Amino acid sequence: MTLLVSYDIENDRLRLKAANKLLEYGFIRLQKSVFAGSLNATKWRELLKWQQQEIVAHFEPTDRLLYLPLADGQAQRFAFLPAPPPEWEETISPPNTLFV
């Protein structure tokens, strides 16, 4: 499943921790606080649980973290100006593995 993640986190330490975890899970940064990546359902639940325990538990009242699952094919219709990040196609395309 392809996910779009956006956050508005006031605390610098929490914001960096959230970003680093998304990068660890293979997400790419689209903007300063917007990421995209593909996870299976198990990894998504694992990431949500970690974010809830390590990030959201320390939120200020105005902090937010949004996970937006994208429908099949929806990410291919994104428009980037001037251009998508170099890793975009790899992120939204399912892996192609040939076993011989």
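In this predicted model, V5 stands opposite Y67 in β4. β1 and β4 pair in the antiparallel sense, and six bridges join them. In general terms, the strands of a sheet pair through backbone hydrogen bonds, in either a parallel or an antiparallel manner.

The pairing of β1 with β4 belongs to an open sheet of four strands, whose order is β2-β3-β1-β4 and whose pairing is antiparallel. At the edges stand β2 (28–31) and β4, each of which pairs on one side only. On average, neighbouring strands of this sheet are turned by 25 degrees against each other, direction ignored.

The chain contains three helices and four strands, and from the N terminus on its elements follow the pattern β-α-β-β-α-β-α. Its 100 residues include 33% that count as buried. Among the contacts with a separation of 6 or more, 67% are between residues 24 or more positions apart. The C-alpha atoms fill a box of roughly 50 × 35 × 20 Å along the principal axes.

α1 lies across β1, β2, β3 (34–38) and β4, and runs at about 170 degrees to β1. α2 also packs on the sheet, where it touches β1 and β4, and its direction makes about 170 degrees with that of β4.

These helices also meet each other. Two packed helices are described by the angle between their axes and by the distance between those axes. For α1 and α2 the angle is about 170 degrees and the axes are 11 Å apart. Because an angle over 145 degrees counts as roughly antiparallel, α1 is roughly antiparallel to α2. The crossing of α1 and α2 is right-handed. On the side of α1 the contact is made by L14, K17, A18, K21 and L22, and on the side of α2 by L47, W50, Q51 and E54.

Q51 lies in helix α2 (residues 41–54) and has a relative accessible area of 1%. Since buried means under 20%, Q51 is buried. Leaving aside residues up to four places away in sequence, Q51 touches A18, L22, V56, L65 and Y67. Y67 is the residue of β4 that stands opposite V5.

The nonpolar interior comes next. In soluble globular proteins, nonpolar side chains tend to be buried together. The largest nonpolar core here has 18 residues, of which I9, L22, F27, F35, L39, L47 and I55 touch the most other members. β1 (2–8), α1 (12–24) and α2 each supply at least two residues of this core, and the largest share, four residues, comes from α1. I55 touches I9, L14, K17, A18 and W50, again not counting residues up to four places away in sequence.

A second, separate core of seven residues includes I28, V34, A36 and A75. With a relative accessibility of 4%, A75 counts as buried. A75 and S6 are 69 residues apart in sequence, while their C-alpha atoms are 15 Å apart in space.

Definitions and conventions. Residues are numbered from 1 along each chain as its sequence is written. This is a predicted model: local features need pLDDT of at least 70, side-chain atom pairs count only at pLDDT 80 or more; totals for chains, interfaces and linings use all residues. Side-chain values use heavy atoms; hydrogens and water are left out. Buried means under 20% relative accessible area, exposed over 50%, partly exposed in between (1.4 Å probe, protein chains only). Contact means heavy atoms within 4.5 Å. A nonpolar core is a set of buried Ala, Val, Leu, Ile, Met, Phe, Trp, Tyr and Cys residues joined through side-chain atoms within 4.5 Å. Two strands pair if DSSP finds at least two bridges between them. Axes are lines fitted to C-alpha atoms, for helices over the stretch in contact, and angles run from 0 to 180 degrees between N-to-C directions. Angles under 35 degrees count as roughly parallel, over 145 as roughly antiparallel, 65 to 115 as roughly perpendicular and the rest as oblique. A crossing is left-handed if the near helix is turned anticlockwise from the far one by less than a right angle, and right-handed if clockwise.
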